[in-house]
Amino acid sequence: MTRTPWIVAACALPMLLASSFAHAQAPGPQPFPMSFFVTSVGIGKGGDLGGLAGADAHCQRLAAAVGGGNKIWHAYLSTQARPGQPAINARDRIGQGPWHNSKKLPIAADLAELNGDTIELARLGSNLFKQSALNENGELINGAGDTPNMHDMLTGSQTDGRAYADSADHTCNNWTSSGAGSAQVGHSDRIGAGNTSWNSAHPTRGCSQEALVSTGGAGLFYCFAGN
Amino acid sequence: MTIAALLAAGSMLSILLGSSLALAQQPAQQPAQPHPMTFFITSTEIGKGGDLGGVAGADAQCQRLATAAGAGNHTWHAYLSTQPRDGQGAINARDRIGQGPWYNFKGDMIAKGLADLHGDTIELARLGNNVTKLSALTEKGEIVPGLNDNPDPKDRTWAYASTHPNSNRHEMLTGSTTDGRAYTDVSVDRTCNNWTSSAEGSGQIRGNVTGAAAEVGLSDRNGGGNGSWNSAHPTGGCSQEALTRSHGVGLFYCFAVN
């Protein structure tokens, strides 16, 4: 059961190839295959992404530069509750899947597989690991052992993809701070901090760009297309 | 990146792990000297596919390699399950390896106990243990080549893999489910007949595999459609050639029981 998504993906490959072939003969609109990427560059102001809207715009801009601008892209980021503003969960912003990277390889079939919603799915993990978590240009992201290491992905999320409910800062003040505070990060290579979490491995030391860099980050994050 | 580069960068990982752990507010009363090795991946294969001489033969391989590396003072067991056969009950890999914590060649923690290693709660399962490409080292402290390392069209043949030690060999024999237990369905083989078979098998590695096969995990957590370290998919058979076809050579995890 848990392997079904992979099998489905494997079965889909010939169909993808076949459809590519068909289009080679009869040009026409073809769905843009990529629905997941790691940002190739950060915004450069640490944890200040210009809020969720700024992060989403960054995803949209990077995707558009490689031909994926006709999809709606959202950053995988949570925000915490503030007076008059409820929390937002990263997992609720990215559609239902399945998601594929720039090389058409499956990342996860659905939200349950991506976030490990059952203990079996959580143990297995999704197909997101160093060799598949590519940027929008199809390039690997530097990880542990590479120089410089850039594997810390801003998420502000717990392991289940939801916002923190406590009063501590886990989102660089809802992605507006480049100074005080902290953000929860995952590892795109799933190496470090004694765990293999892609979305909730450890907190950052601060929210400045320097603070992000000091633990192996560059202010990168995950982008997903929900449609 | 090359294995040499990875090895060179290996020491950096300890620093990274150290700082990350500090950030995670781990207690600071860790002793300064490194922990003795209580976990490793076999640096060499037995060479007869899934025929390891039973669990006893696999344990002996662990003990032999550990002894050669100066760690023979521990009792070593292979992380392997066996299935119910001929009136004999199943054996779960997780019941064979002590209680932990376990440390690799460099003294980095792999998991602090059975629950962390296997993800016995959903939170632990989502976090995952510390079996990674850079920490799942051999008894000599070497990184095991993984997905996309020195790829070659021929690297799925034993003739090539046996002469190119840097080719991908990330599939670890376990014969286990994700929770570290034996398969209870006696009609399927997920242990190469309890580690005595080097039969060819069906060649199928996805779905409801029938025929000679062993369940494998991925030491680099890359590939197989998931990141499971102990139960990613079955092999396409039990011969040395069949194991190599899906990027394994018959390596396995060894844990010190004491």
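The model is predicted, so local features are described where pLDDT is at least 70, side-chain atom pairs count only at pLDDT 80 or more, and totals for chains, interfaces and linings use all residues. Residues are numbered from 1 along each chain as its sequence is written, while chains are lettered from A and ligands numbered from 1 in the order in which they are written. The model scores ipTM 0.87 and pTM 0.87.

**Confidence**

- Chain B has a mean pLDDT of 90, and 87% of its residues reach 70 or more; pLDDT is the predictor's confidence in each residue, from 0 to 100.
- Over residues 1–28 of chain B, pLDDT stays under 50, and the model has 40 contacts beyond four places in sequence for them. Two residues are in contact if their C-beta atoms, placed from the backbone, lie within 7 Å.
- Where pLDDT is low, the predicted coordinates should not be read in detail.

**The two chains**

- Chain A has six helices and eight strands, and chain B has seven helices and eight strands. Helices (H or I, at least four residues) and strands (E, at least two) are DSSP runs, numbered from the N terminus.
- The elements of chain A follow the order α-β-α-β-β-β-α-α-β-α-β-β-α-β from the N terminus on.
- Of the 227 residues of chain A, 55% are buried; in chain B, buried residues make up 54% of 258. A residue is buried if 20 or more other C-beta atoms lie within 10 Å of its own, exposed if 12 or fewer, and partly exposed in between, with C-beta atoms placed from the backbone.
- In chain A, 64% of contacts between residues at least 6 apart in sequence join residues at least 24 apart. In chain B, residues 24 or more positions apart account for 65% of the contacts with a separation of 6 or more.

**Nonpolar cores**

- The largest nonpolar core has 57 residues, among which B:L80 and B:F252 touch the most other members. Strand β8 (residues 251–256) of chain B gives the most to this core, with six residues.
- A second, separate core of 47 residues includes A:C59, A:A108, A:L128 and A:C207. A nonpolar core is a set of buried Ala, Val, Leu, Ile, Met, Phe, Trp, Tyr and Cys residues joined through C-beta atoms within 7 Å.
- Beyond four places in sequence, the contacts of B:L80 include B:V55, B:A58, B:L173, B:W195 and B:F252.

**Strand β8 of chain B and its partners**

- Six of the six residues of β8(B) are buried.
- Strand β1 (residues 39–41) of chain B runs antiparallel to β8(B), joined by three bridges, and B:F40 has B:C254 as its bridge partner. Two strands pair if DSSP finds at least two bridges between them.
- Strand β2 (residues 76–78) of chain B also pairs with β8(B) in the antiparallel sense, over three bridges; B:W76 stands opposite B:A256.
- Strand β5 (residues 171–173) of chain B runs parallel to β8(B), with two bridges, and B:L173 stands opposite B:F252.

**Helix α2 of chain B**

- Helix α2 (residues 54–68) of chain B has 15 residues and spans 22 Å from its first C-alpha to its last, close to the 21 Å expected at 1.5 Å a residue. The expected span is 1.5 Å times one less than the number of residues.
- Its buried residues are B:V55, B:A58, B:D59, B:Q61, B:C62, B:L65 and B:A66. Seen down the axis of α2(B), they fall within an arc of 155°, so they line one face of the helix; the arc is that of the directions from the helix axis to the C-beta atoms.
- The face turned away from the buried side of α2(B) carries the exposed residues B:A56 and B:A68.
- The cover over the buried residues of α2(B) includes β2, α6 (192–195) and β8 of chain B.
- Just after α2(B), B:G70 takes a positive phi of about 85°.

**Strand β6 of chain A**

- From strand β6 (residues 184–187) of chain A, A:Q184 and A:G186 point one way and A:V185 and A:H187 the other, and all are buried.
- Three bridges join β6(A) to strand β5 (residues 152–154) of chain A, and the two run antiparallel.
- A:V185 is the bridge partner of A:L154 and also stands opposite A:H202 in β7(A).
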